[in-house]
Amino acid sequence: MNKEVKILLRKGSVFILPIIAWICIVIVVDPFNYFNISNIVSEKAKEKSAQQINSLLYNTINFKNNPKNSIIIGDSRIRKLPTEKIKQLTGDDYYTMYSNAAKLNEIIDLFWISDSLWFSVNSINLENVIIGINFNLYNQYSYSNRVADVKKLLANKFIYIFSWSILETVYLALKNEFLGFQPKKKKNKKEFWDYTIETIAKNHYSKYKHPKETLLRLEEVRAHCKANNINLILLIVPHHKEFHNRLVKFELVDEEKKFKNDIKDIGRVIDFDFPNSITDCKSCFGDPIHTTDSIGEIIVDEIFSNSLIIGKEL
Amino acid sequence: MCWKVEYIVLIIASTLIDYFVAKKMADLKEKVKRKKWLLISLLSNLGILFGFKYFNFVNANIQALFDNFNIFYGVPAFDVLLPVGISFYTFQTLSYTIDVYNGKTPVQNHLGIFAVYVSFFPQLVAGPIERSRHLLPQFYVEHKFSYDRIKYGLQQMLWGFFKKVVIADRLAIVVDGVYNNLDDYSGISLLIATIFFAFQIYCDFSGYSDIAIGSARVMGFELIDNFKRPYFSKSISEFWRRWHISLSTWFRDYLYIPLGGNRVVKWRWYYNLFITFLVSGFWHGANWTFLVWGGLHGAYLIIAIVLIKPKEYILNILNLEGGFIHKLYQVTFTFVLVVFAWIFFRANNISDAFYVINNMFSDIGDYTNLGKMKINLRGLGIGINDILISIGLIAFMELYNLYERSGDVWIKLEQKPIWLRWGAYYILLFGILFLAPYSRVNNFIYFQF
């Protein structure tokens, strides 16, 4: 063999070693249980790191590995709905498919992914779907496209292995496993409350456009659910009244009415976000848009025991 | 990118026509007879290009004109895809025929080698547009395996991939998001998207050129340089000596000079310049936006010529000529002019371009307000951090370009210790692997031309 060919092969082989090493590390650490073949890193370290970096990917892969016929889809607000309590009341085993700061277009994408993942295993469609939807998500500008990334990662091992969020998560999982968990910094409730009312609400409401295309996509979800006997509930979780007042300040009251009117045609809508004993009560919320666990239990109780006391059906 | 395998017939047709036309011309002594054969080549090649690229545009404009006068015009649109690389290989093969006609290049007797010249895969779809004098002789040379040459080619490909996949595709998220939904954006978003487009198209196209040149080099072929740090140009004429060099020299040699170039009366010189840039704009695409873009560059050059003497006079009085401040001003001013023209290049239509121009500075007082910027960018699915990362990548790329001014970066890197060399390779390689926005893969912009 030509001497120069030998040099190229030798140096090329050495050059790709770090790449091979990285592939091995990802397969061994496997923070999202993508390959599901290694237990070297504890499940707790994996989950904590993966949820912190990319909850959307973790929850999707987790659902893929353990699919259920009933799901709750939404952003971080629907995490407060206790699935054990739903099981006690109905016998149905629900999976919470959520992503932090999920947008409505992503929630719809998650519906389709979940349905296809369940269908691919059981050859039938989902039975029960609860979609958490609030007015602040119902905005053309409330848009993100992370589910497209998740789809690519699920479909292509190469993209998964060389994804930035996998790099971050592998590092964090190894750190958590071998150096112990770092205690989470506690947020100052008052400061975060004020930040949510001032800045987050402004981000949500200061630029608004009716989401025509998203509504069409919701109608496709409705048609699919109807055609396949999927029990669809749209749930509007409560916000504290101070957060709602910001919506009034940005002159979006009519748009909010339109939102509730629009989604009434999509499925059974259960509304908790109107002036009531929860929205008036500051201690019922961790922050202006996230209820406490006990309020989550009340909401589940009302929906699944078919006795709406605080909430109402639209 | 869409394609149809049947369109291979077009490149075969162009190849065969130019091969036989050139052979015929070589056999003829009289220029008049040679000219007839040259016309056959020009008409058939440009005819194919017109049919597939420009017919629908011209047809739609005639339709609109007739509609204005309520006259029936029933010529239907031609339902075709734009064949990949047609503008590039048409110009490449035409340059050969014209050079044979002018006696500047010998006729090629080997059909297979000529076909490889027309369809040489590294540069087939988006250039550099090679000249027969430069590329054809290389097919007759034996290319021995060379470790250094292959390494150099791979290094250039690596840098090209980095510019395309990491920088251009990341900038495209903002640019496409804004320019395809203009009604939703104003002020700073429009400005950011427009500046980002200037770097997106540079990284996209020069990235492709680097990959093409690098991959050809791996096989032992040298292609011409297509870009030389264009955004450091101190004038528009310098910009065109640094941007898409293979195309601008093509237009210089086969259109501008045959029109008379600058060896004519002044008004005719201006006319030649303007026509050359107008045609160059039209070469890019069948849309009024490209015509305006080309026309703007033509106008810039004419104005620069007209203002030469007053400018010299002012610089002499202020004693600024050649100083750093003067150079900085020249580079910045040229960049602003180029970016302004890019608005027309990127906008989907003329009214969109005017929307961008009219609204770009609508909230100039809030340009430094990050909170407002965040709200303004809502709907793109990205945050301020993504913008900052993009700016950082642009800065990195321009620092590379600055470092390149004193010589080829990779050759300079050869003198450095191994940890630094390999470190640089790994930064680029892992950058490509980890920083590329895979869910938003974009074709090369110039594939559409």
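A crossing of two helices is left-handed if the near helix is turned anticlockwise from the far one by less than a right angle, and right-handed if clockwise. By that rule, the crossing of H1(B) and H4(B) is right-handed, while H2(A) passes H8(A) in a left-handed crossing. This is a predicted model: local features need pLDDT of at least 70 and side-chain atom pairs count only at pLDDT 80 or more, though totals for chains, interfaces and linings use all residues. Residues are numbered from 1 along each chain as its sequence is written, with chains lettered from A and ligands numbered from 1 in the order in which they are written.

**Chain A overall**
- Chain A has 13 helices and eight strands; these are DSSP runs numbered from the N terminus (helices are H or I, at least four residues; strands are E, at least two).
- Its C-alpha atoms fill a box of roughly 80 × 50 × 40 Å along the principal axes.
- Of the 314 residues of chain A, 38% count as buried, where buried is 20 or more other C-beta atoms within 10 Å of a residue's own, exposed is 12 or fewer, and partly exposed is in between, with C-beta atoms placed from the backbone.
- Take the contacts in chain A between residues at least 6 apart in sequence: 80% of them join residues at least 24 apart. Contact here is C-beta atoms, placed from the backbone, within 7 Å.

- Helix H2 (residues 17-29) and helix H8 (residues 164-179) of chain A have axes that come within 10 Å and cross at roughly 60 degrees. Axes are lines fitted to C-alpha atoms, for helices over the stretch in contact, with angles running from 0 to 180 degrees between N-to-C directions.
- H2(A) and H8(A) are therefore oblique to each other; under 35 degrees is roughly parallel, over 145 roughly antiparallel, 65 to 115 roughly perpendicular and the rest oblique.
- On the H2(A) side you'll find Ile25(A), Val26(A) and Val29(A), which meet Ile166(A), Val170(A), Ala173(A) and Leu174(A) in H8(A).
- By class, that contact has seven nonpolar, no polar and no charged residues. Nonpolar covers Ala, Val, Leu, Ile, Met, Phe, Trp, Tyr, Cys and Pro; charged covers Asp, Glu, Lys and Arg; the others, Gly among them, are polar.

**Where chain A meets chain B**
- The contact takes 23 residues from chain A and 17 residues from chain B.
- Helices H1 (3-15), H6 (146-155), H8 and H9 (189-205) of chain A each supply at least two residues of the side that touches chain B, and H1(A) gives the most, with four residues.
- That side of chain A has eleven nonpolar, seven polar and five charged residues.

**Inside chain B**
- Helix H1 (residues 8-27) and helix H4 (residues 111-119) of chain B pack at about 130 degrees, with their axes 10 Å apart. That makes H1(B) oblique to H4(B).
- Ile11(B), Ser14(B), Thr15(B) and Tyr19(B) in H1(B) meet Leu111(B), Phe114(B), Ala115(B), Val118(B) and Ser119(B) in H4(B); by class these are six nonpolar, three polar and no charged.
- Asp148(B) is in helix H6 (residues 147-179) of chain B, and counts as exposed because it has 10 C-beta neighbours inside 10 Å.
- Asp148(B) and Val218(B) are 70 residues apart in sequence and 9.4 Å apart in space, C-alpha to C-alpha.

Methods: Contact = placed C-beta atoms within 7 Å.
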